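Open the model in your viewer and keep a selection panel ready.

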2 protein chains.
Amino acid sequence: MLQNIRVVLVNTSHPGNIGGAARAMKNMGLSRLVLVQPKEFPAAEASARASGADDVLSNAQVVDSLEQALVGCNLVMGTSARERSIPWPLIGPRECGAKAVEHALGGEEIALVFGREHAGLTNEELQRCHFHVHIPSNPDFSSLNLAAAVQVLSYEVRMAWLAAEDAPAKVEKVDASELATMDEMELFYDHLEKTLVDIGFLDPEKPKHLMARLRRLYGRSSVERPEMSILRGILTETQKVARGEPHKRKG
Amino acid sequence: MLQNIRVVLVNTSHPGNIGGAARAMKNMGLSRLVLVQPKEFPAAEASARASGADDVLSNAQVVDSLEQALVGCNLVMGTSARERSIPWPLIGPRECGAKAVEHALGGEEIALVFGREHAGLTNEELQRCHFHVHIPSNPDFSSLNLAAAVQVLSYEVRMAWLAAEDAPAKVEKVDASELATMDEMELFYDHLEKTLVDIGFLDPEKPKHLMARLRRLYGRSSVERPEMSILRGILTETQKVARGEPHKRKG
């Protein structure tokens, strides 16, 4: 179950933090680490700080983009420190742990995403997340060390997992095979954007926050596969109409 | 109130861990650090890992014995990984945070005690504690990094403090006045249905369960008012396209 939960570190600068994150994960029973363009990896400092969690490091997957890191994921939660211009569903670490376990029990794939040491995640990266996770902290000194942030969320995952083991019946399970994956959602957003341009609702020169707002809306819904087929079907028909192609319209 | 809670590190070997602990404390709003016979302190590595929590380090008190570190304390809780021959009141991090805050609110002095990197606290030291705290961990890889353990307990202290202050984590709450009302949702479904007929996606003779499925999808989302405006705007443009009316389409 816990193997359904991957930790994704984006553009990590210090290999020591990768090692510290690996140790924190293994301590809490997590094992799947995905690194998006780490500055330096593998590295001696990572192994030193992993302090026995070498297996997590050696099995770590290194990829070129966040998109690749999220392939197959149904639920993505990303850490965020800053206030954002677009309000987004924001949860605390405890709710993050509970959601991760609830969805993992249903067989879904979950990603916990952590940004760069100093700059965090970009707005574009944050918009790929269903939820933003804020770790409560001292407002005057709010930036946690990366491995410490991984420790806190991994700890809350373990706490939720232990609670679920004790009371399995109480945790609502979601059946993963029914849900659209992240990559299917991306194809949908792409199709939606093109269609909105086709009907003239979206001006590609001045997109404003339109797609971000729509991502937020559909991201909240956990879109199911049959629903996705309907949405894609609507877009396809709308495009035909916009292009003046033959479509199903009755008189 | 949080200043009544001190963190005591016993015989720390690696100055980096002292720095990491100081940063974790300050992130969570704790400031009082007491070091019992650290191997090396002050140290450049401690300052580097503190990463801005220098004030916690410079105010740290260095003492010769655990006894001295605990002067004035009313409640002492010490971390313990191992099973002990003498049964002792054993609590988890969450209960530790709750107890610390509860007693600190009553004006008591509280100590959270952490042992050596490899050997933890001795039996004699553990017997000076009112409670032993066990951080739940992977039985096959149970030893947390010292700074990570400080992070977990400090985090639980902050969570308990926020709960007590009745200023829970700044979780963004959705203001009910922001949400589309039931009647606005009905107008939307009506508009959606007409548009789907216009583009030929919905055959009014054979509607099947299409609208029911779409109601279920959007009903799950708690659609907000600005989102509703976007959705209605998309439908209006789509209808113009379907009817061959002038619309905003570029090129």
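Select the strands of chain B. Seven of them form an open sheet in the order E3-E2-E1-E6-E4-E7-E5, paired in parallel. This is a predicted model.

Which strands stand at the edges? Pick E3 (61-63) and E5 (90-91) of chain B: each has a single partner strand, so one side of each lacks a neighbour in the sheet.

Stay at E5(B). Its partner there is E7 (residues 131-133) of chain B, joined in the parallel sense over two bridges.

H5 of chain B (residues 93-105) lies across E1, E4, E5, E6 and E7 of chain B, at about 160° to E4(B). H7 of chain B (residues 146-164) lies across E1, E4, E6 and E7 of chain B, at about 155° to E6(B).

Next, show both chains. The contact takes 67 residues from chain A and 67 from chain B. Together the two chains bury about 5700 Å², with 59% of it on carbon and sulfur atoms.

Look for charges. Eight salt bridges link chain A and chain B. Zoom in on one of them, between the side chains of A:Glu227 and B:Arg216, at 3.1 Å from N to O. Which helix of chain A gives the most to the side that touches chain B? Select H10(A), which supplies ten residues.

Finally, colour that side of chain A by class: 32 residues are nonpolar, 17 polar and 18 charged.

Key: Residues numbered from 1 in each chain as written. Chains lettered and ligands numbered in written order. Predicted model: local features only at pLDDT ≥ 70, side-chain atom pairs only at ≥ 80, totals over all residues. Heavy atoms only, no water. Pairing = 2+ DSSP bridges. Helix = DSSP H or I, 4+ residues; strand = E, 2+ residues; numbered from the N terminus. Contact = heavy atoms within 4.5 Å. Axes fitted to C-alpha atoms, helices over the stretch in contact; angles between N-to-C directions. Buried area = accessible area lost by both parts, 1.4 Å probe. Salt bridge = Lys/Arg side-chain N within 4 Å of Asp/Glu carboxyl O. Nonpolar A, V, L, I, M, F, W, Y, C, P; charged D, E, K, R; others polar.
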